[in-house]
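Let's take a friendly walk through a protein model together. Have the sequence and the 3D view ready, and follow along as the residues come up.

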Amino acid sequence: MEGTKQMNPCAICLGGMGAGGGQAIFTAECSHTFHFHCISASVEHGNLLCPLCNAQWRELPFVRPPASMPPTQPPPPPPSVDVVQPAHPRRVRTHSVDPVVFDDDEQVTPPDGRRQAGAASDEAVVVKTHIHYSAIARDSSDDNFAVLVHLKAPGITGSGTEAAGDAPAQRAPVDLVTVLDVSSSMHGSKLALLKQAMRFVIDILGPDDRLSVVSFSSRARRVTRLTRMSDAGKALCVRAVESLTARTGTNIAEGLRTAARVLDERRYRNGVSSVVLLSDGQDNYTPMRQAFGRGLPNYAALVPPSFARTGTGAGDRATPVHTFGFGNDHDAAAMHAVSEATGGTFSFIENEAVIQDAFAQCVGGLLSVVVQEARLAIQCLHPGVRIGSVKSGLYESRVDEDGRAASIVVGELYADEERRFLLFLVVPRAEATDGDVTALIRVNCLYRDAAAGADVNVTGEDTVVARPEHAVDAERSVEVERERVRVEATEDMAAARAAAERGGHQEAVEILENRRGAVAQSDAARGGDPMIVALEIELRDMRRRVSTRQNYARSGRASMLAGMSAHMQQRGSSSQLQLPSVIAFHDGAVTTTAATHQVSQQAATLPYATPAMLAMLLRSRRAREASAASGQRQPGAPEGAQGSEPTVPKELN
């Protein structure tokens with residue numbers, strides 16, 4: 001809206017409510033503000049819900065009884081209000097009371113035949129295995145024989161921008177709750193960029209998706225109920241986001257508890273649920289008891305019970321919380337702990353200008369969930385084969401006591417997303433009756449189709465290894481070797497981080513440098529494998545960030561935790577987001593090309609990014625570039641979003 005600057009305009013008349021306006025202001029119990037005469041007129045016409053968030057009000061502005069009211073009927077008593085008349089605007093306050101139950105979510109769209117038909121296609125998760133060596137000599141045994149289990153999720157119709165946003169793709173609709181830090185440190189350009197990013201998120205959600213916005217400072221409030229992203233719903237959410245103002249305090253736990261209530265108490269449910277949490281500070285309201293007497297905070301106090309994974313297997317459908325640490329002052333350990341406890345990802349946004357791109361990559365994945373509750377069951381075939389161990393990162397795995405079977409809980413997969421898990425087997429010597437091959441394992445994948453809601457069971461081909469008399473020319477698998485390099489590098493990242501946490505910065509540097517050298521000398525690196533090349537660059541960058549106590553505190557801890565989150569979950573995060581020089585569509589596919597090897601840490605996680613995530617990144621980048629090229633703020637952007645900083649009202653200082 002062009003014209004004079006207006007901070008938090010009245011949502012009814014869109015007039016300004018700044019100092020000197022000379023009009024009474026009504027602050028509702030849901031914390032939204034309106035001109036008193038505007039909201040009184042609205043209530044007089046029978047509108048008893050907040051125009052912004054549809055909250056049911058218990059305390060209403062006094063409405064003069066209509067003249068036709070019988071004199072014998074006493075007028076309704078006005079609610080208890082405290083009228084304050086300062087020198088500037090007159091403000092009418094009521095006590096802010098959250099609804100008893102957040103069960104006012106907007107009804108979801110019933111699944112239609114088109115979506116069900118599209119979801120029930122012949123595509124399914126692809127299960128493959130790769131053995132480290134193509135053969136083992138008959139008279140030899142191997143107590144550490146590596147087998148790679150590789151999963152790839154099916155794609156969805158239109159896996160580019162239309163699949164992750166505005167066109168009718170065959171995907172499951174999403175219930176998304178964004179939990180946004182509006183503490184005083186977010187004042188100015190940070191809050192303006194956050195609002196811009198939220199407008200982009202609102203724009204890319206489809207009409208069947210639902211969004212609830214929760215903000216927190218010293219306390220948390222539900223800014224909007226779970227609202228369908230119809231045109232009207234989007235407009236309502238944009239107005240709600242524009243109403244956000246910076247306040248004092250940072251209460252992350254209360255923000256997450258409010259988000260948990262939104263999801264736990266909803267009457268209706270979409271097929272996919274997720275939470276996005278952004279904060280640039282440290283929780284200073286939640287007492288986190290000390291663990292083991294070593295002064296280590298217990299970050300579990302931040303996680304609502306309904307969000308924590310229970311470890312019950314494939315039926316465990318805890319809501320993932322994807323956390324974003326904004327700037328160098330956030331509590332990276334806390335944000336990482338929250339994401340790890342819930343199955344989400346942690347991203348470090350060092351450059352505040354890319355917050356929209358960071359949200360775009362994350363939401364692009366959420367809008368393409370095709371697999372839920374995935375679980376792998378691995379069974380040994382030959383009576384002498386045993387499973388010794390499983391390398392599954394943060395995914396829960398279990399090996400039976402006798403080593404004859406194992407399981408891995410995979411959970412959700414985005415369209416075209418891949419997972420790789422290393423198994424180490426005990427393979428005995430071949431007996432005369434064994435024939436020319438030894439049958440090793442059979443892998444079964446059971447999951448739920450997110451869009452159709454149907455259970456699917458996929459069984460891969462039996463994994464066998466040849467047993468010739470001599471195996472000197474056995475071929476080594478590039479896939480297995482590549483995964484071993486990645487897993488070992490991830491383990492050394494964790495070791496270097498532990499050293500840095502106890503003050504051993506030189507030790508951390510040596511761990512990372514030794515691993516970088518090993519990665520550089522691997523066959524995968526010499527063959528130019530993009531992920532392994534980028535992994536070497538990432539290790540070099542981490543080495544610099546852990547070299548001193550100051551570097552580690554400023555960005556090293558956050559950078560390492562974000563990198564570990566991406567590698568241990570094999571899912572793209574948005575740490576130090578730096579897109580490659582080229583992200584474009586070719587023949588319907590998204591491609592990435594880096595001009596040189598001088599790329600940031602994000603390049604190491606881009607191999608985990610799916611086509612839908614990359615397409616949404618491209619869409620975000622184009623939107624930002626178009627806005628910059630036009631020299632005008634985007635539609636709905638607050639005044640000051642392009643450089644000038646909005647002022648914080650005096651009463652919030």
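A nonpolar core is a set of buried Ala, Val, Leu, Ile, Met, Phe, Trp, Tyr and Cys residues joined through side-chain atoms within 4.5 Å. Please keep in mind that the model you are looking at is predicted.

**The cores**

The largest nonpolar core has 48 residues, and those touching the most other members are Leu194, Leu211, Leu278, Ile355 and Phe359. Several elements each supply at least two residues of this core, including strand 7 (174–181), strand 8 (210–216), helix 4 (231–242) and helix 14 (611–630). Helix 3 gives the most, with 9 residues. To see one member up close, pick Ile355: leaving aside its neighbours within four places in sequence, Ile355 is in contact with Leu193, Leu194, Ala197, Leu278, Phe326 and Ile349. Apart from this core lies another one, of 36 residues, with Phe145, Ile387, Ala415 and Ile441 among them.

**An open sheet and the helix across it**

Now turn to an open sheet of 4 strands, in the order 5-6-20-17, where the pairing is antiparallel. Which strands stand at the edges? They are strand 5 (126–131) and strand 17 (386–391); each has a single partner strand, so one side of each is left without a neighbour in the sheet. On average, and ignoring direction, neighbouring strands here are turned by 25° against each other. Strand 6 (residues 142–152) and strand 20 (residues 418–427) run antiparallel and are joined by 9 bridges. Along this pairing, Val147 stands opposite Leu423 in strand 20. Helix 8 (residues 478–501) lies across strand 5, strand 6, strand 17 and strand 20, and runs at about 100° to strand 20.

Strand 20 also holds Phe424. Is Phe424 buried or exposed? Its relative accessible area is 8%, which is under the 20% limit, so Phe424 is buried. Leaving aside neighbours within four places in sequence, the contacts of Phe424 include Asn144, Phe145, Ile387, Gly388 and Arg484.

How many aromatic pairs does the structure hold? There are 2, listed here.

| Aromatic pair | Arrangement | Centre to centre | Between the planes |
|---|---|---|---|
| Phe324 and Phe359 | edge-to-face | 5.1 Å | 65° |
| Tyr395 and Phe421 | edge-to-face | 5.8 Å | 85° |

Phe324 lies in strand 14 (residues 321–326) and Phe359 in helix 7 (residues 355–366), so their pair ties together parts that are 35 residues apart in sequence. Phe324 counts as buried at 1% relative accessibility, and Phe359 counts as buried at 2%. In the other pair, Tyr395 lies in the loop between strand 17 and strand 18 (397–399), while Phe421 lies in strand 20, so this pair ties together parts that are 26 residues apart in sequence. Tyr395 is buried, with a relative accessible area of 9%, and Phe421 is buried too, with 0%.

**Charges over rings**

Finally, look for charged residues placed over rings. Lys190 lies over the face of Phe326, 5.6 Å from the ring centre. Likewise, the charged end of Arg571 sits over the ring of Tyr414, at 3.8 Å from its centre.

Notes: Residues numbered from 1 in each chain as written. Predicted model: local features only at pLDDT ≥ 70, side-chain atom pairs only at ≥ 80, totals over all residues. Heavy atoms only, no water. Pairing = 2+ DSSP bridges. Axes fitted to C-alpha atoms, helices over the stretch in contact; angles between N-to-C directions. Contact = heavy atoms within 4.5 Å. Buried < 20%, exposed > 50% of the residue type's maximum accessible area, 1.4 Å probe, protein only. Phe/Tyr/Trp six-rings, centres within 6.5 Å; stacked < 30°, edge-to-face > 60°. Lys NZ or Arg CZ within 6 Å of the ring centre and 35° of its normal.
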